[in-house]
Structures are given as structure tokens and as C-alpha cells.
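Okay, thanks for making time, everyone. Let me put the thing on screen and then walk you through it.

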Amino acid sequence: MNKGGKNLNFYFMLIIALLLLTVWIGTIKTTDDSYTYGQMTQDLEDGDIVDVVLQPNAETPTGAVEITLKDGTDKVLYVTDIEEIKKVVKDAGFDPVVKDVPRESWFLSDVLPMLIILVVVVFFFVIMNAQNSGGGANSKMMNFGKSRAKLSMGDGKVTFKEVAGLKEEKEDLEEIVDFLKDPAKYTKVGARIPKGVLLEGSPGTGKTLLAKAIAGEANVPFFSISGSDFVEMFVGVGASRVRDLFAEAKKHNPCIIFIDEIDAVARKRGTGMGGGHDEREQTLNQLLVEMDGFGINEGIIVMAATNRVDILDPAILRPGRFDRKITVSRPDVGGREEILQVHAKNKPLGDDVDLKQIAQTTAGFTGADLENLLNEAAINSAKDNRVFISQSDIQKAFIKIGIGSEKRSRIISDKEKKITAYHEAGHAILFHVLPEVGPVYTVSIIPTGVGAAGYTMPLPEKDEMFMTRGRMLQDIMVSLGGRIAEELIFDDITTGASSDIKKATKEARKMVTRYGMSTNIGVVNYDDDDEEVFIGRDMAHPRSHSEAIAGDIDREVKNIVDDCYGKAKAIIEEHMQVLHDCAALLLEKEKINQAEFEALFEKEA
Ligand code: ADP
Ligand code: ZN
């Protein structure tokens, strides 16, 4: 009741504001109308006028005469026959500027008031609607103005069948489906099911689709809202939307709440220029309160999607909140083929269309990109009045999309792919051979969307308290492996290894300046960095040691990197066969797992 009253007040004020605006616009054109025709002729005679502008009205021949007097004042005279005035003014020796018949005055006088009335009416309509549909759970799709969330259930159901590829992701989410189907089963044994699942991945990789499919599989309602809907101009609106959303969801449990673009609300608190963003922080706090507030097995699963986990407030990742993180990656060749099959289902394909081949040439494409590709192709075929899609339609679509989205998902040339394959193989071999790092879990040449052309991922290491000197040296060697492989295979080297080189250099510098691991420099801390990010720090911070020491440090860092480089190169040279085989396998499959990678070494032995 209370809340409803507050809302109504808000709308009431808005309407008043709009009415005031109308009145103001109405008055905007009124000017001093005490100036008369007689005065004008007098002023003309006296030579008091410096400028005359004639502004005809839409209803000719009426109009306004805008006069600038010698003393700088402007006068306006409204006349019934502008042509007559023109003559009079001309006779007095002026060449008046005659403006065009205005269009905007017609807009201001006729259309704008109507628009404003329309807006007011629509507003009333929306309010009434919001109040009427309050609890109508049986409406298939409804908007409740309060939380702005969309509720969908029943038809249009998405299931895991429509989600192609993403096999591991679906497996990970299977237990959530099971929980939503029968929460009691879990409650009885006291099992704790995650309250929140964070889906991380580039736009278009199918995060929303996955969340919807879970709701579809479990046959529960699906509330979706975007993080940016929470962030409003008015302080407090976001927080109250969160409250309303959870209240509504509780009425429909078990259910799924899906928050797209959660980074819009859940950015690290207290960051950003000019202090915190009050409204966003309030919204985030409310979200945390709600998530902590509902019981463990109330049957509500909050899913959220983002492509920027790094900027999220760590508080939302704590146990009892978004404690499950699932990375939704870009599809590999096989995944792309499956996605193409899903989306080609209701599109007749000509017999020259080879989905497998399309999958091979679209490395880096997301599910959304592929869907778009087929859609463009279908449009091309319709343009040609054909009832099926031909290979050339797809070719054309490919070029169109490829050029349009160069940045979003780079299309990779065969050469680039080959270089990346060798680069990653170089990292992988070192991970495998060096004892303190690795083993290799995945090697991939699927672009990640954050700028990396590929990645090599070791198995999550054991938690170790200390880094050893040996371990740090091996890390540096692994970082350099990509560049070394490129150098061994190709005549030229690329810029692709820049972040590797930066990482290696940083590590070496830390060894020297922070950990006292260099005998030449000694066990002294020369490290000014506190790792805290603080804008302006680098400029303002004085160095605590002499130029001479700085030179020694630089030399020592270079020695370490050079030494690692030599050793790493020797190791890769020893395993040239694996390097070639691994690159070839990567080019074929784009992503290889631990067993596949290790088999390459067995073959060599
Ligand atoms: P995200 O939420 O990650 O930005 P969406 O789930 O909204 O991406 O995906 C957009 C569209 O792309 C989907 O509606 C679907 O048509 C298509 N799509 C994405 N991934 C897949 C997939 N794995 N299988 C089938 N279609 C997909
Ligand atoms: Zn690399």
C-alpha cells in the first residue's frame, strides 16, 4: 500500500511537470506587443531602425516583423499583411530579410501539445495496467511496471535440445535442473544447492539461451531483467526494483531469475571516477541482501550473465551468492557445426551447402554470429526468389557479416591460424616438459574475444604458499614459449606475443626487486609497487633508489629473461616433432584436451 502510494505520487508529479512544460511552451513566443505600426513608421522616419526581419506565418499573408533599434532593443510587430509592410520598409530604404514560412511553429503549436497529451494518456494507461496485472500469473507474458522484469512461461519453451554445443556447460547445469524439478529431494538430505550461477562469456555465446533452457527443462517460470534496467536516473528506483523482483519471484517458486549484463549493477564498489555511484551501490547492496535473505532451498535460482567477470565486485562471488561460475566459451568446429544444424532446421538448404565446411571457416564466430549468418543467407535467397539457400548465399552473407563485425569476432586467415597454432603449441610443450608447471589441460586456437588469438591452460595448480625461484623461472620460460615457436617455424615474428613478453619481464623484475632472488642485486627490496591500483601513482611516486641501482636491476632482469629464453628454446628444439604434430592437430580440431596432447609425446617416444 505504502509503496504503491509512493509510486502514484511519483507519476502525479510527473504529470504536473508535463503540464507546466506545456504552459511554458505556450508562453515562449509571447513578446512585448506594445510596439505599434505607428511607432514603426515613426522610427523608420527617424532612422532609428538598424535591421528588419520579416517572418511570415504559415497562414499567409499574416506575419511578424522583427525590428532591431539603434539602442539595441528588439521589437516585434504582428501584422496582417506582410507584403504591405515589405513595401513600406523598402520605401524607407531597407532591404528586409524575408524568412521562409516556418515549419517549427506549426510543430510547436499543433503537434507538441497533442504529443504531450498522448504521453500523459499512455502514462495513465501504463499505471492502470501495472496495477491490474499485479498477480496475474496465468498471463503467459507480462510486464509488471514495478520491477520491469519479464516473466515467461509455457509456450515458446526452450530446452537443452535447442542449445547446440556447450556440452560441458549443460552437464554442469544438469543438477540445477534436477533441483528445480524437485527441490524437496534436496532439502530432505540437507544438500546445499547454489543460489546463484554466474555465466561468463562473450556476447552471443548463448548465455541467455542456456538460462532459458534450464527453465524450460525444469518447466519453471523464467524472470529476466537486464542489469541496465536497474540503473536509473532516480536514486532508489533500482533498489526497489530488485526488491519487487524478488518478491514476485518468491510467489512463483521454484523459478529462475535471470539478470543479464550484471556488470551494470555489480561493478566493484567505490571504483570509477569521482567516488562511488550511489544509485548503483544501493542497487547492488539490495541485490546482496535479497540473495542472502532467501533460504537455501526456497527454489529460486538466480542466474546472471556477464562478459566482464574481472570488474565485478568480489562480494557477489561469495558463498551463498553467485558461488557457481560457468564459463560459456566460443564454440569449436564441432560446436559450430551443431549450432548451424540447429538453425538450419527450418531453412531448406541446397545440396551444395556444406555445413561442416562453413563451420571450418568460421573460427571465432559465436552462436549468435552463426545464427545471423544463416539468416542473412536466407534473406539473400529470398531476394533471388529461390526457396532454398545455396552455398553462394552463404558466401555473400559471410562477406557482409565478416566486414561488418570485424572487431566483434575477428575472422581469422589461415596464416594467422597457423601462427597461433604453433605459438600455443610452444607454450604447451614447455608446460608439459617443465616439472613445476602444468600439466596442460586445454590448448585452443579459438579466439577469446578479449584480444587473445588462443590460449593454453594448465590444470589448476595446487595451492602453494610460496613461489620458488625455480617455479618463477619456469613460468617465465613458458611465457616465452609462444614467441620461440613462432621464431623456429616462420621467417618472421609477430606482435602476437607482446603480452607474453610483458608477463615474462614483469615476473623477472619481481624476482630481482621484490624477492631478492638475484645474487648480483642482493636481498634488498627495490620494489616500489604495492600492486594497488591508484591513478596517478606512477607519476607522483618518487623512486627510492639510485639511477645506478636502476641500471643494475634492468641488466639483471634482462639476464634472467635471456637465460630463460635460451633454455626454453633448447627444450622446444628437442621436441620439434611434437611441435609440428600439436600445431597440425590444433588446426584440425581447434581445441585439444589433456589426453590428446599427451598422446603426442607418447608417439614421439
Ligand atoms: P548471450 O546471452 O550470451 O549474449 P544469447 O543466448 O542471447 O547470447 O544468444 C543469442 C542467439 O544466438 C540465441 O538466441 C541463438 O539463436 C543463438 N545461439 C547462441 N548460442 C547458441 C547455441 N549454443 N546453440 C544454438 N543457438 C545459439
Ligand atoms: Zn602466448
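By buried I mean under 20% relative accessible area, with exposed being over 50% and partly exposed in between, using a 1.4 Å probe and protein chains only. As background, side chains in a regular strand alternate between the two faces of the sheet.

Some bookkeeping before I go on: this is a predicted model, so local features need pLDDT of at least 70 and side-chain atom pairs count only at pLDDT 80 or more, while totals for chains, interfaces and linings use all residues. Residues are numbered from 1 along each chain as its sequence is written, chains are lettered from A and ligands numbered from 1 in the order in which they are written, and side-chain values use heavy atoms, with hydrogens and water left out.

Back to strand 8, residues 222–226: five of its five residues are buried. Helices (H or I, at least four residues) and strands (E, at least two) are DSSP runs, numbered from the N terminus. Strand 8 runs parallel to strand 9, residues 255–260, and five bridges join them. Ile225, for one, has Ile259 as its bridge partner in strand 9.

Then there's strand 7, residues 196–200, which holds Leu198. Leu198 comes out at 0% relative accessibility, so it counts as buried.

Now the part you've been waiting for, the ligand. Which residues come nearest to ligand 1? Out of 17 around it, they're Ala164, Gly204, Lys207, Thr208 and His343; "around" here means a heavy atom within 4 Å. For polar contacts, I take pairs of N or O atoms within 3.5 Å; within protein, one must be able to donate a hydrogen and the other to accept it, and residues adjacent in sequence count only if both atoms are side-chain atoms. Lys207 puts a polar side-chain atom 2.8 Å from an oxygen of ligand 1, and His343 puts one 2.8 Å from a nitrogen of the ligand. Ala368 uses a polar backbone atom instead, 3.3 Å from a ligand oxygen.

On its own, ligand 1 exposes 560 Å², and the protein buries 80% of that; the areas are Shrake-Rupley with a 1.4 Å probe, and for residues only the protein chains shown count as cover. Helix 7 (207–218), helix 11 (333–344) and helix 13 (367–383) are the elements that give two or more residues to the shell. Where does the ligand lie? Domain 3 (150–328) and domain 4 (333–402) both give residues to the shell, so ligand 1 lies between them. Those bounds come from an automatic or database domain assignment.

Leu166 isn't a glycine, yet has a positive phi of about 45°. Leu166 is in the loop between strand 6 (150–152) and helix 5 (167–181), and is buried at 16% relative accessible area. Glu590, also not a glycine, has a positive phi near 70°. That residue is in the loop between helix 20 (576–589) and strand 14 (591–593), and Glu590 is buried too, at 1%.

How values were computed. Pairing = 2+ DSSP bridges.
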